[in-house]
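Have a look at the picture first, and then we'll go through it piece by piece.

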Amino acid sequence: MIDLSKVKKRSTADIAKRIVQDIPDGASVNLGIGQPMAISNYLPHDREILLHSENGLLGMGPLATGDQIDPDIVNAGKQSVTMLSGASLCHHADSFVMIRGGHIDICVLGAFQVSIKGDIANWRTSDPNAIPAVGGAMDLALGAKKLFVMMEHLTKSGESKLVQECTYPLTALDAVNCVYTDLATIAVTPQGLLAIDWVEGLSFEELQEISNVALINSQS
Amino acid sequence: MIQKIIPSVAEALRDIADGSTIFISGFGGAGLPILLLDALLEQGAKNLTLISNNAGASGVGIAKLVGAGRVKKMVCSFPRQPESGAFDELYRAGKIELELVPQGTLAERIRAGGAGIGGFYTPTGFGTELAKGEDTREIDGVNYIFEKAIKADYALIKADKGDRWGNLTYHGTARNFGPVMATAARCTIAQVREVVELGALDPENIVTPGIFVKRIVQMGAAS
């Protein structure tokens, strides 16, 4: 067992900042509900990035406060948001034309598991008592040109969320391009999972051991 | 003369029968036609099939109808909501049917219904448990599943402004499912914030042309 107490894990903010490095100027980006929404706080001012919200808003601004709050202008998580100058509105079918038609450059989703082939499971656990709810996850996972996953590397009980085969119900097959965790950045490639970078205090060998799936070392 | 403005909400919903299939616009609270939903509760129709993104939240709108036992089936993408208590309880007790549809597939099935298309092939859901039993097809190297169009007896939608020909504009992201649902129902009923004179809406800005709308009720209209 690797002792992770010596390792400086990435916070949600750190992971968000790492993902932002891979979002180019001019990109259209959909941020999934939950952890990925934090990315909107770290978008650089020197790049124009168009945030898409699947309920029909392209050019979404920061969360609304005070007088800006309009209950008819919300994000996918139903929070009140603002619209940037240049924003546009559309109906739901057109919004998913943007997604399914491959017009959105990057989507960032949370996940329970990602497999070595890029399969993603993120919409339900195996808990039979949970109310199943899929929302836009299945459309987003395979519609965007690139799918990034933002998640913890390990489950609460210490198991790797990178897996040989997903055991939770699948959201999409062969969809993930890159995984950003509190420990590492890992690209899904035809040759296998490629470890791009990992946190200080952790060796590649240790990352390999806790990940429990074969990794390729990009730094060797 | 064309006159789609109905002076009372009750009259607008008068012929909704037991067993009807009804589209409800809205994404969470944005675009939810609360005036029409409250009137539907009053009107009494039961054994309803409701098609909407969510299954109700916070004890208002759809949640009231579900809680009153008037809904036999929900077709939606995301039933789990804060305080969606009524739905959760009935679902766990096996007293309400749920057809779970990915959000983009839901929008496109409704669009197809309104456009006279029988169904379509989409990559969304391929290889997942939601695609069990669906026809599949490989087209140019991509795997697709077949999804059938949806139509409904009624659409209850929320718009911003409307005129007596049925033309509608919307406000913000309250637009969401309204324009597509309006095309796919036999009878679309819109609640609007404001009824305006014919000609007051700029034709360039009308989102739902009046041909898709049968009845309009203004907020604050007589019950």
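This is a predicted model: local features need pLDDT of at least 70, side-chain atom pairs count only at pLDDT 80 or more; totals for chains, interfaces and linings use all residues.

## Where chains A and B meet

Start with the contact between the chains: chain A puts in 30 residues and chain B puts in 37 residues. On the side of chain A that touches chain B, the elements giving two or more residues are α2 (92–100) and α3 (137–143) of chain A. The biggest giver there is α2(A), with five residues. Sort that side of chain A by residue type and you get 17 nonpolar, seven polar and six charged.

## A helix pair across the contact

Now zoom in on α2(A) and its partner, helix α5 (residues 103–115) of chain B. The two pack at an angle of about 125°, and their axes are 9 Å apart. They are therefore oblique to each other, and the crossing of α2(A) and α5(B) is left-handed.

Which residues do the meeting in α2(A) and α5(B)? From α2(A) come His92(A), Ala93(A), Phe96(A), Ile99(A) and Arg100(A), while α5(B) brings Gly104(B), Ala107(B), Glu108(B) and Arg111(B). As for the types of residue in this contact of α2(A) with α5(B), there are four nonpolar, two polar and three charged.

## How covered is α2(A)?

Quite well: α2(A) is mostly covered, with seven of its nine residues buried. Those buried ones are His92(A), Ala93(A), Ser95(A), Phe96(A), Met98(A), Ile99(A) and Arg100(A). Both chains supply the cover, which includes β1 (28–31), β2 (50–53) and α3 of chain A together with α5, β5 (119–122) and α6 (178–184) of chain B. Just past the end of α2(A) sits Gly102(A), with a positive phi of about 80°.

## The nonpolar core

In soluble globular proteins, nonpolar side chains tend to be buried together. Here, the largest nonpolar core has 128 residues. The residues with the most contacts inside this core are Ala141(A), Val149(A), Phe23(B), Ala155(B), Leu156(B) and Met181(B). Strand β8 (residues 152–162) of chain B gives the core its largest share, six residues.

Take Met181(B) as an example. If you skip its neighbours within four places in sequence, Met181(B) is in contact with Phe23(B), Ser25(B), Ile110(B), Ala155(B) and Ile157(B).

## Another helix, this time in chain B

Helix α2 (residues 34–43) of chain B has its own buried residues: Leu35(B), Leu36(B), Leu37(B), Ala39(B) and Leu40(B). What do the buried residues of α2(B) pack against? Their partners are α1 (9–12), β1 (21–24), α3 (62–67), β8, β10 (185–195) and β11 (215–218) of chain B. After α2(B) comes Gly44(B), with a positive phi near 100°.

Lys78(A) is not a glycine, yet its phi is positive, about 65°. You'll find Lys78(A) in the loop between β3 (57–63) and β4 (81–89) of chain A. Lys78(A) counts as partly exposed because it has 19 C-beta neighbours inside 10 Å. Asn47(B) isn't a glycine either, and has a positive phi of about 55°. Asn47(B) sits in the loop between α2 and β2 of chain B and counts as partly exposed, with 13 C-beta neighbours inside 10 Å.

Last stop: Gly56(B), in the loop between β2 (48–51) and α3 of chain B. Is Gly56(B) buried or exposed? Gly56(B) has 29 other C-beta atoms within 10 Å, so it is buried.

Definitions and conventions. Residues are numbered from 1 along each chain as its sequence is written. Chains are lettered from A and ligands numbered from 1 in the order in which they are written. Two residues are in contact if their C-beta atoms, placed from the backbone, lie within 7 Å. Helices (H or I, at least four residues) and strands (E, at least two) are DSSP runs, numbered from the N terminus. Ala, Val, Leu, Ile, Met, Phe, Trp, Tyr, Cys and Pro count as nonpolar, Asp, Glu, Lys and Arg as charged, and the others, Gly among them, as polar. Axes are lines fitted to C-alpha atoms, for helices over the stretch in contact, and angles run from 0 to 180 degrees between N-to-C directions. Angles under 35 degrees count as roughly parallel, over 145 as roughly antiparallel, 65 to 115 as roughly perpendicular and the rest as oblique. A crossing is left-handed if the near helix is turned anticlockwise from the far one by less than a right angle, and right-handed if clockwise. A nonpolar core is a set of buried Ala, Val, Leu, Ile, Met, Phe, Trp, Tyr and Cys residues joined through C-beta atoms within 7 Å. A residue is buried if 20 or more other C-beta atoms lie within 10 Å of its own, exposed if 12 or fewer, and partly exposed in between; C-beta atoms are placed from the backbone.
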